[in-house]
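Please read these notes with the coordinates open. They take up a handful of local features one at a time.

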Amino acid sequence: MTDQWRCAGHAGDLSEDAPLEFKLDGTEIGIYKVGGELYALENVCPHAYALLTQGFVDGDTVECPLHEAVFHIPTGKCLKEPGGRDLKMYSVRLAGEEIQIKVA
Ligand code: FES
């Protein structure tokens with residue numbers, strides 16, 4: 001079966017300190033740019049309900065806006081509790097100016 005990619009936004013709308021929010025079949029995904037690379041992570045904080053893209057990006061980490069858990073964007077690792085666990089990662093790529101997320 002061939003891979004399927006879904007358009008998730010325009011590269012021009014994404015910057016290092018302003019992630020994008022995208023919903024893939026009801027799943028919230030946050031798209032980040034760090035050091036020129038794109039990363040796509042589960043966007044609902046595992047601790048409670050907060051969208052991490054509405055938190056604070058600091059270099060290669062994002063801090064939850066609700067209780068300040070910190071996650072490493074390139075790996076999804078929880079670096080500071082109370083995140084509870086690591087974040088799920090999604091495959092993301094650029095096709096021209098289009099950001100695309102791989103559909104599992
Ligand atoms: S909801 Fe994110 S740390 Fe509590």
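**Notes on the model**

1. Lys-77 has a relative accessible area of 45% and is partly exposed. The classes used throughout are buried (under 20% relative accessible area), exposed (over 50%) and partly exposed (in between), with a 1.4 Å probe and protein chains only. Lys-77 forms a salt bridge with Asp-86, in which the closest N and O atoms are 3.3 Å apart. A salt bridge here requires a side-chain nitrogen of Lys or Arg within 4 Å of a carboxyl oxygen of Asp or Glu. Asp-86 is likewise classed as partly exposed, at 36% relative accessibility.

2. On provenance: this is a predicted model, in which local features need pLDDT of at least 70 and side-chain atom pairs count only at pLDDT 80 or more, while totals for chains, interfaces and linings use all residues. Residues are numbered from 1 along each chain as its sequence is written, and side-chain values use heavy atoms, with hydrogens and water left out.

3. The unreviewed UniProt entry carries the annotation "domain: Rieske" over residues 6-101. UniProt positions follow the numbering used here, feature names are shortened, and annotations may be inferred rather than shown by experiment. Helices (H or I, at least four residues) and strands (E, at least two) are DSSP runs numbered from the N terminus.

4. What is the strand order of the open four-stranded sheet? The order is β2-β3-β4-β9, and the pairing is antiparallel. Two strands count as paired if DSSP finds at least two bridges between them. The edge positions are taken by β2 (20-24) and β9 (89-90); each has a single partner strand, so one side of each is left without a neighbour in the sheet. At one end of that order, β4 (residues 37-42) and β9 pair antiparallel over two bridges, and Leu-41 stands opposite Met-89 in β9.

5. The pairing of β2 with β3 is antiparallel and uses five bridges, with Phe-22 opposite Ile-29 in β3. These two strands form a hairpin with two residues between them. In a regular strand, side chains alternate between the two faces of the sheet.

6. Leaving aside residues up to four places away in sequence, Glu-28 touches Phe-22, Lys-23, Leu-41, Glu-42, Asn-43, Val-44, Tyr-49 and Leu-51; contact means heavy atoms within 4.5 Å. With Lys-23 the contact includes a side-chain salt bridge (3.7 Å, N to O).

7. How many salt bridges does a search of the whole structure find? The search returns four. Side chains of opposite charge can pair when their charged atoms come close. One of these bridges joins the side chains of Arg-6 and Asp-25 (3.3 Å, N to O). That pair links distant parts of the chain, with Arg-6 in strand β1 (residues 4-10) and Asp-25 in the loop between β2 and β3, 19 residues apart. Arg-6 is partly exposed at 32%, and Asp-25 is exposed at 59%.

8. Backbone geometry deserves a check at several places. Most residues other than glycine have a negative phi, and most peptide bonds are trans. Asp-25, in the turn of the hairpin, has a positive phi of about 50°. Glu-68 also has a positive phi, near 70°; this residue lies in the loop between β6 (61-63) and β7 (70-72) and is partly exposed, at 42%. The peptide bond between Glu-81 and Pro-82 is cis, with omega about 20°.

9. Pro-82 is found in the loop between β8 and β9. Gly-84 lies in the loop between β8 (78-80) and β9 and counts as exposed, at 57% relative accessibility. Gly-84 and His-47 are 37 residues apart in sequence, while their C-alpha atoms are 5.9 Å apart in space.
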